[in-house]
Amino acid sequence: MKQPMILISACLLGHAVRYDGTGKPLVHPAIERWREEGRLVTICPELAGGMSVPRPPAEIENGMTGEDVLAGRARVLEITGGDVTAEFVAGARRALDFASQNGCTHALLIDGSPSCGSGLIYDGSFSGRKHAGNGVTAALLASAGIEVFSHIEIDRLAARVGSVPIGDARHPVHPSET
């Protein structure tokens, strides 16, 4: 049986793709195991959406969420005032396409990001305050049925997919997986 594939934020693997040109490596035994098993599918949605490194910090405006951005009720703005909503939406769509093409059933994303945040995101004031919510990519992936976990939930993800093959009683096969 096939093991569940996991879409992972590139910065969590140490790739220097964050807005400030850094990575944020997540060191955990599960990451190494999944890498060895070939179960990780790496992407940076912001780069996939056409953004560069480095780039100005961006946040979803007015305490809104990724769901609001996808519905056209909110924008993603850079600290400089630039509107990068189109790039964030394009990156989210490319991430979903990439996840689907690679059979990803789960995603492990960096929290706080206006793309990948899946529990907490910055509130749009550029003051360091966070609020509950999803980034644009996390919202789109979740709406497509991909289980999204933040980097601080890696133990929960590991318990969920650690050695549970697709098709066993704890992870039934969906028609799209056959």
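Reply: Helices (H or I, at least four residues) and strands (E, at least two) are DSSP runs, numbered from the N terminus. This is a predicted model, where local features need pLDDT of at least 70, side-chain atom pairs count only at pLDDT 80 or more, and totals for chains, interfaces and linings use all residues. Residues are numbered from 1 along each chain as its sequence is written, and side-chain values use heavy atoms, with hydrogens and water left out.

Me: OK, which residues are buried in H1?

Reply: Ala30, Ile31 and Trp34. Down the H1 axis they fall within an arc of 100 degrees (taken from the directions from the axis to the C-beta atoms), so they line one face of the helix. Pro29 and Glu36 are exposed on the other side of H1.

Me: What do the buried residues of H1 pack against?

Reply: E1, strand E2 (40-43), E5 and H6. Contact here means heavy atoms within 4.5 Å.

Me: Switching to H6, which residues are buried there?

Reply: In H6 (residues 154-161), Ile154, Leu157, Ala158 and Val161 are buried. These also sit within a 100 degrees arc seen down the axis of H6, so they line one face. Asp155 and Ala159 are exposed on the face turned away.

Me: And what covers the buried residues of H6?

Reply: The cover includes strand E1 (5-9), helix H1 (29-36), strand E5 (104-109) and strand E8 (147-150).

Me: Where does pLDDT stay under 50?

Reply: Over residues 164-178. pLDDT is the predictor's confidence in each residue, from 0 to 100, and the protein averages 91.

Methods:
Buried < 20%, exposed > 50% of the residue type's maximum accessible area, 1.4 Å probe, protein only.
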